[in-house]
Amino acid sequence: MAESSYATMANDPVAIIGSEYCTPNEVDVVISRKVKTLRYGDFVVSDMNGNFMFKVKGTTFGWHDKRVILDAADNPLITLKQKILTEHSRWNAFKGESTDEKDFLFTIKTTSIFQWKTKLAVFLANNNSKEKNCDYLIKGNWSDRSCVIYAGDSSTIVAQMHKKITAKSLLIGKDNFIVTMYPNIDQAFIVSLIVILDAINAADAAAIGAAAGVGAGIGVGF
C-alpha cells in the first residue's frame with residue numbers, strides 16, 4: 001500500500017475544481033436530498049449554519065444519467081455523466097456544463113463488477129497509470145452512511161461521512177447526511193464524489209430490487 005503524508009496535504013491545497021474551494025480548516029457540510037422534486041439526484045449542500053455552498057441538479061441525458069453541480073449563485077461548476085455499456089459502473093466529470101473531452105476532469109468507477117461493500121476508484125485527468133494507480137479511493141457502506149475517501153491507496157483520509165448518530169445528525173434528519181472535509185481538499189470535488197456515490201448505489205439498489213421482483217414472479221409461477 002502506497003504511503004501518503006497528511007501533513008503535506010494539509011499544507012498544500014489540492015485544487016481539482018478550484019482553489020477557492022480549498023480551506024485551511026476542517027469543514028462539516030450537510031448534503032440534503034430535495035425529496036419534493038420530480039428529478040432524482042437533486043441535492044443542496046450547506047455548512048452547519050445553513051449557508052448554501054453548492055446545489056446539485058439531476059437530469060436525463062439520452063440513455064445517460066447526468067448531474068450538474070452549481071455554486072451558491074447557480075453557476076455550473078461540474079457536469080457528471082454516467083458512462084453506459086461498461087463492465088464497471090462508471091461516471092465521468094467535466095468542467096462547467098461541458099461534456100467535451102477537452103474539459104474532462106476525472107473518472108470514477110467501481111473496483112469490481114460485483115460489490116458487497118462500496119469501493120470506488122477515482123482517476124484524475126492527468127493520471128497516466130492506465131488506471132492501475134488511483135488518485136482517490138472510496139470505501140465503506142453507503143446504507144450506513146459510513147463511507148471514507150482516501151488519498152490514493154493510502155491511509156490518508158481526505159473526507160468522510162459520519163457513521164455514528166450525533167446531536168448534529170439527529171437535527172438534520174434522515175434525508176440529509178453530514179460529510180467532514182479535511183483541510184485543503186477541494187470541497188466541490190468531494191461533493192461531486194458523494195453525488196456519484198449516491199447515484200451508483202441507487203442504481204445497484206434498483207437492480208437488486210428488480211432481480212428480486214423477477215425471482216418472486218418465477219416463484220409464484222411455479
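Four salt bridges are present in the structure. The model is a predicted one, and its protein chain comprises three helices and twelve strands.

One of the salt bridges pairs D74 with K55, with a separation of 3.2 Å between the closest N and O atoms. D74 is located in the loop between β4 (64-71) and β5 (76-83), whereas K55 belongs to strand β3 (residues 52-61); the pair therefore ties together parts of the chain that are 19 residues apart in sequence. D74 is partly exposed, its relative accessible area being 38%. K55 also counts as partly exposed, at 23% relative accessibility.

A further salt bridge is formed by D103 and K102, whose closest N and O atoms are 3.1 Å apart. D103 is buried, because its relative accessible area of 14% falls under the 20% limit for that class. K102, in contrast, is exposed at 66% relative accessibility, a value over the 50% limit.

The side chains of E131 and K109 also meet in a salt bridge, with an N to O distance of 3.1 Å. This pair links distant parts of the chain: E131 lies in the loop between β8 (118-124) and β9 (136-140), K109 lies in strand β7 (residues 104-110), and the two are 22 residues apart. E131 is partly exposed, with a relative accessible area of 30%, while K109 is buried at 14%. Through salt bridges that share partners, R90, K109 and E131 are joined into one network. Side chains of opposite charge can pair when their charged atoms come close.

The side chain of R90 makes a polar contact of 2.9 Å with the side chain of E131. R90 counts as buried, with a relative accessibility of 14%. Beyond four places in sequence, the contacts of R90 are K81, Q82, K83, T107, I108, K109 and E131.

The phi angle of E131 is near 65 degrees, a positive value in a residue other than glycine. N184 likewise has a positive phi, of about 70 degrees, although N184 is not a glycine. Most residues other than glycine have a negative phi. N184 is placed in the loop between β12 (176-181) and α3, and N184 counts as buried at 7% relative accessibility.

The largest nonpolar core contains 47 residues, and the residues with the most contacts inside this core are F106, Y136, V179, I190 and I194. Helix α3 (residues 187-221) gives the most to the core, contributing eleven residues. For I190, the contacts beyond four places in sequence are I149, V158, A159, V179, M181 and I185.

W142 is found in the loop between β9 and β10 (148-151). With a relative accessibility of 9%, W142 counts as buried. Leaving aside neighbours within four places in sequence, W142 is in contact with T118, C147, M161, F177, I194, L197, D198 and N201. The C-alpha atom of W142 is separated by 7.9 Å from that of K117, a residue 25 positions away along the chain.

For the protein chain as a whole, buried residues make up 46% of the 222 residues. Of the contacts between residues at least 6 apart in sequence, 39% join residues at least 24 apart. The accessible surface comes to about 12,100 Å², and 55% of this area belongs to carbon and sulfur atoms.

The average pLDDT of the protein chain is 80, and 71% of the residues score at least 70. Over residues 1-8 the pLDDT is below 50, and this stretch has 14 contacts in the model beyond near neighbours in sequence. The pLDDT also stays under 50 over residues 206-212, for which the model has zero contacts beyond four places in sequence.

Technical notes
Residues are numbered from 1 along each chain as its sequence is written. Side-chain values use heavy atoms; hydrogens and water are left out. Buried means under 20% relative accessible area, exposed over 50%, partly exposed in between (1.4 Å probe, protein chains only). A polar contact is a pair of N or O atoms within 3.5 Å; within protein, one must be able to donate a hydrogen and the other to accept it, and residues adjacent in sequence count only if both atoms are side-chain atoms. Contact means heavy atoms within 4.5 Å. A nonpolar core is a set of buried Ala, Val, Leu, Ile, Met, Phe, Trp, Tyr and Cys residues joined through side-chain atoms within 4.5 Å. Helices (H or I, at least four residues) and strands (E, at least two) are DSSP runs, numbered from the N terminus. Accessible areas come from the Shrake-Rupley method with a 1.4 Å probe; for residues, only the protein chains shown count as cover. pLDDT is the predictor's confidence in each residue, from 0 to 100.
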